[in-house]
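Work through the exercises below with the sequence and the coordinates open. Each task is followed by a solution in steps.

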Amino acid sequence: MKIFRYLSGGILLIFLLFGAVVLPGAGAPEQKEGTVSSPEGEGAKDEIQLYSVEKRGWIMTRKIYKTAEEWKRLLSPEAYHVTEKQGTERAFSGAYWDHHEKGVYRCIRCGNDLFTSDTKFESGTGWPSFRTPVSEKNIDTRIDRSLFRERVEVLCSRCGAHLGHVFKDGPKLAGLRYCINSVALMFGK
Ligand SMILES: [Zn+2]
């Protein structure tokens, strides 16, 4: 039975060694120091790559994190309701559904380039509608199961602002319709 004791001792040793090697790695994501919000409430962290229309290329910047209270202070009540509370502006009420100038539509909260006038089209819905975003990296999408149906929510990838939804009934070829609230956007020529 001596051999048995050695064997179980060996297994225990292997387990301890294995655990010592694996566990610190598993805990690593929590060990990011210096990425917490700054005292000024700036809260910027996490570098991301975004496409800049002005620079015609990729830029590195940081994500923006603010609390709902901070956004409430910074935004108009309408922009706060839409971007932070997943609200929807009334159809045909916003500044951009019938807007035809050439330029860039940026995020109202962080200035991230989201859509260009080149991909804007007349959807007849009363909300500004686009075929594609500036780049897939400039937006995020997630499933939205509110209102008893499944839709795909569109968000700003830099600050998490709710922008609107994307539907699969857009013009060919991609067939997508990014249905975006005017109040979440800021137009620049
Ligand atoms: Zn944003």
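**Exercise 1. After helix α3**

Which residue just after α3 takes a positive phi?

Solution. Gln86 does, with a phi of about 55°. This is a predicted model, in which local features need pLDDT of at least 70, side-chain atom pairs count only at pLDDT 80 or more, and totals for chains, interfaces and linings use all residues. Residues are numbered from 1 along each chain as its sequence is written, and side-chain values use heavy atoms, with hydrogens and water left out.

Step 1. Helix α3 spans residues 77-85. Helices (H or I, at least four residues) and strands (E, at least two) are DSSP runs, numbered from the N terminus.

Step 2. The buried residues in α3 are Ala79, Tyr80, Val82 and Thr83. Buried means under 20% relative accessible area, exposed over 50%, partly exposed in between (1.4 Å probe, protein chains only).

Step 3. These buried residues of α3 pack against α2 (68-74) and β9 (162-167).

**Exercise 2. Overall description and confidence**

State how many helices and strands the protein has, and where pLDDT stays under 50.

Solution. 

Step 1. There are 3 helices and 11 strands, in the sequence pattern α-β-β-α-α-β-β-β-β-β-β-β-β-β.

Step 2. Of the 189 residues in the protein, 39% are buried.

Step 3. Contact means heavy atoms within 4.5 Å. Among contacts with a separation of 6 or more, 49% come from residues 24 or more positions apart.

Step 4. pLDDT is the predictor's confidence in each residue, from 0 to 100. The average is 84, and 76% of the residues score at least 70.

Step 5. Residues 7-44 stay under 50, and the model has 14 contacts beyond four places in sequence for them. Where pLDDT is low, the predicted coordinates should not be read in detail.

**Exercise 3. The zinc site**

Identify the protein donors of the zinc ion and explain why the arrangement is tetrahedral.

Solution. 

Step 1. Donors are N, O and S atoms within 2.8 Å of the metal (3.2 Å for Na, K and Ca); water is not among the atoms, so sites may look incomplete.

Step 2. The protein donors are the SG atoms of Cys107, Cys110, Cys156 and Cys159, lying 2.3 Å from the zinc ion.

Step 3. The 4 donor atoms subtend angles of 99 to 115° around the zinc ion, so the arrangement is tetrahedral. Four donors count as tetrahedral if all angles lie between 85 and 135 degrees. The ideal angle for four tetrahedral donors is 109.5 degrees.

Step 4. The spacing of the donor residues in sequence is C-x2-C-x45-C-x2-C. Cys110, in the loop between β3 (104-107) and β4 (113-116), and Cys159, in the loop between β8 and β9, are 49 residues apart and link distant parts of the chain. Both Cys110 and Cys159 are buried.

**Exercise 4. Asn112**

Is Asn112 buried or exposed?

Solution. 

Step 1. Asn112 is found in the loop between β3 and β4.

Step 2. Its relative accessible area is 4%, so Asn112 is buried.

Step 3. Asn112 and Cys156 are 44 residues apart along the chain, with their C-alpha atoms separated by 7.5 Å.

Definitions and conventions. Tetrahedral: all angles 85-135°; square planar, octahedral: opposite > 155°, others 65-115°.
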